[in-house]
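This briefing covers one protein chain.

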Amino acid sequence: MKAAAPVRWRAIAALTVVSALAQVGQFGIGFMVLPVWLAHRGLDAPRAGLFSAAQWTGMLAGLLIAPWLMARIGAKRTVSLGLLATLAAFATMSALSWPLWLVPGLLTGLGIGLRWIANETWLYSLVPAESGGRVVGVHEALIATAGVIGPALAVWCDVDGHITFAAGAAFTFAAALPLWLTAADGERPALAEPPPARRKAAAQRLPVAPLVSLGMVVVAAGGLGDGALYGLFPLFADAHGLDATQTATLLTLFGVGGMALQFPVGWLADRSGLAAAVIVCAALSTLAICGFALAVPASWLAAASALWLGGMNSSFITLGMYAAACSDKAALTRNMRLVSLTFTASSIVGPLVAGFAMKARGSDMLMWQLALMSGALLVYTLGLREGRRQPERSSSLG
C-alpha cells in the first residue's frame, strides 16, 4: 500500500497567516473602518448601503473569476492579484469623493474575493478531514483579529484618513510575505489545472451534499447580517448619540467576540455535528441581538451583547466554511465556491435592504433585521433536524 503523504503543517500555518494579515487590511480596515470614515463625511443610510453593496459586489466578482485565474496562473498569483487590488483601493480612496468612492469600494471587495477562494481552497486542500473543524475554527479565530485590530486602530487615530489608509496598505502588503515564502507544490495540479476528462466529469456529477446545503443556508443568513452590520452600524451608532471613538470601541468588541468564539464553534461542530452547532449559535445570536437593541448604548449589557453578537455573527461564516472544508475533496473547489458565492450574494442584499429600511423606519431596523435572520435560521435548522428524525420514528413505530 502507498504511504499517506505527510500533512504540510508549515504550509497550513503560513497560508493561515496570509489570511489573518490580509483580513486586517482588506476587511478590518477596508470593510469596518472605511464606513466610519465615510459616515463622518456625510453619507446617509441609502448611500452608505450602496457603498457597502459595492464592496460585496466586488467580492462577488472576485469569487467568480478566481477559479478561472487559478487554472491559468495558480493560487499564489491569484492571491497576489487580490492583494494588489486592495492596495490600489487604499492608494486612491482619499483623492476621490462620492460617487467615485464606489470604485475603491469595488476594488476592496474584489481583493477579498480573489484571496478568499484562492488562498482558502489551497489551504483546506491540505487539511486532514479529522481536523477540519478545529483548523477552520483556528483559522476563523485568527482572521477575526481583523475585527479587533481595525477598529482599535480607528480608536487610536480617531479615524484619521492618512493613518487608516497607510495601515490598511501595510497589512495587505505584509500578507504577501508568507504567501511567497510558501512552496507552491500541489497548488495547481490539485486545485486549478483541469483534471482528466473522466475525473472532471465525475466531480461535476457529484451532488451537493446535505452538509454543504446547510452550510449555504447558514452563510446566507450570516451574509444578510454581516453586510448590514458592518456597513451600517456606524449610522446606527450615530443615531444613538455615539461619537467615532465609541463606535469604533463597539466594533472592537464585535471583533473580540468573533476572535474568541470561533475555535469553540469549530470544536462544537466537530463534536456534535453541523446542525447542532447552527442551532446553538443561532439561538445565542438572537438573544445577543435583542439584548444589544434593548440595552443603553454605554452600559455593561451593551458591551456583553456586542461581544456575543460579534462572535455569533462570525460563527455563521465559520460553520459554512466548516461544511465546505469537510466535504468531499473531489468537489472541494466547487463547494468552497458555492458557500462563498452564497455568502457574498446575501451580503450585497443585506445592506441595501437595511439601508432603505433604516431610512423609512429608523435606525433600530438594523438590529431587527439581524434578529429576524438568526431567528429564521434557528427555526429552519430545528425543522430540518426534526424532519430527518421523522422517518426513523415512523420505522421504529412500525
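What share of the 398 residues in the chain is buried? In this predicted model, buried residues account for 54% of them. The chain has 14 helices and 0 strands.

**Chain overview**
- Read along the sequence, the pattern is α-α-α-α-α-α-α-α-α-α-α-α-α-α.
- Of the contacts between residues at least 6 apart in sequence, 87% link residues at least 24 apart.
- The chain has an accessible surface of about 16300 Å², and carbon and sulfur atoms contribute 68% of that surface.

**Helices α9 and α12**
- Helix α9 spans residues 210-239 and helix α12 spans residues 300-325; their axes come within 8 Å and cross at roughly 150°.
- Angles over 145 degrees count as roughly antiparallel, and α9 and α12 are therefore roughly antiparallel to each other.
- Their crossing is left-handed.
- On the α9 side, the contact is made by Leu211, Val212, Gly215, Val218, Val219, Gly222, Gly225, Asp226, Leu229 and Tyr230.
- On the α12 side, Asn313, Phe316, Ile317, Leu319, Gly320 and Ala323 take part.
- By class, the residues of this contact divide into 10 nonpolar, 5 polar and 1 charged.

**Thr172**
- Thr172 lies in helix α6, which covers residues 161-174.
- With a relative accessible area of 0%, Thr172 is buried, since buried means under 20%.
- Neighbours within four places in sequence aside, Thr172 is in contact with Gly25, Gln26, Leu83, Thr86, Leu87 and Phe90.

Technical notes: Residues numbered from 1 in each chain as written. Predicted model: local features only at pLDDT ≥ 70, side-chain atom pairs only at ≥ 80, totals over all residues. Heavy atoms only, no water. Helix = DSSP H or I, 4+ residues; strand = E, 2+ residues; numbered from the N terminus. Buried < 20%, exposed > 50% of the residue type's maximum accessible area, 1.4 Å probe, protein only. Contact = heavy atoms within 4.5 Å. Axes fitted to C-alpha atoms, helices over the stretch in contact; angles between N-to-C directions. Parallel < 35°, antiparallel > 145°, perpendicular 65-115°, else oblique. Left-handed = near helix turned anticlockwise from the far one by under 90°. Nonpolar A, V, L, I, M, F, W, Y, C, P; charged D, E, K, R; others polar. Areas by Shrake-Rupley, 256 points an atom, 1.4 Å probe, with all protein chains shown as cover.
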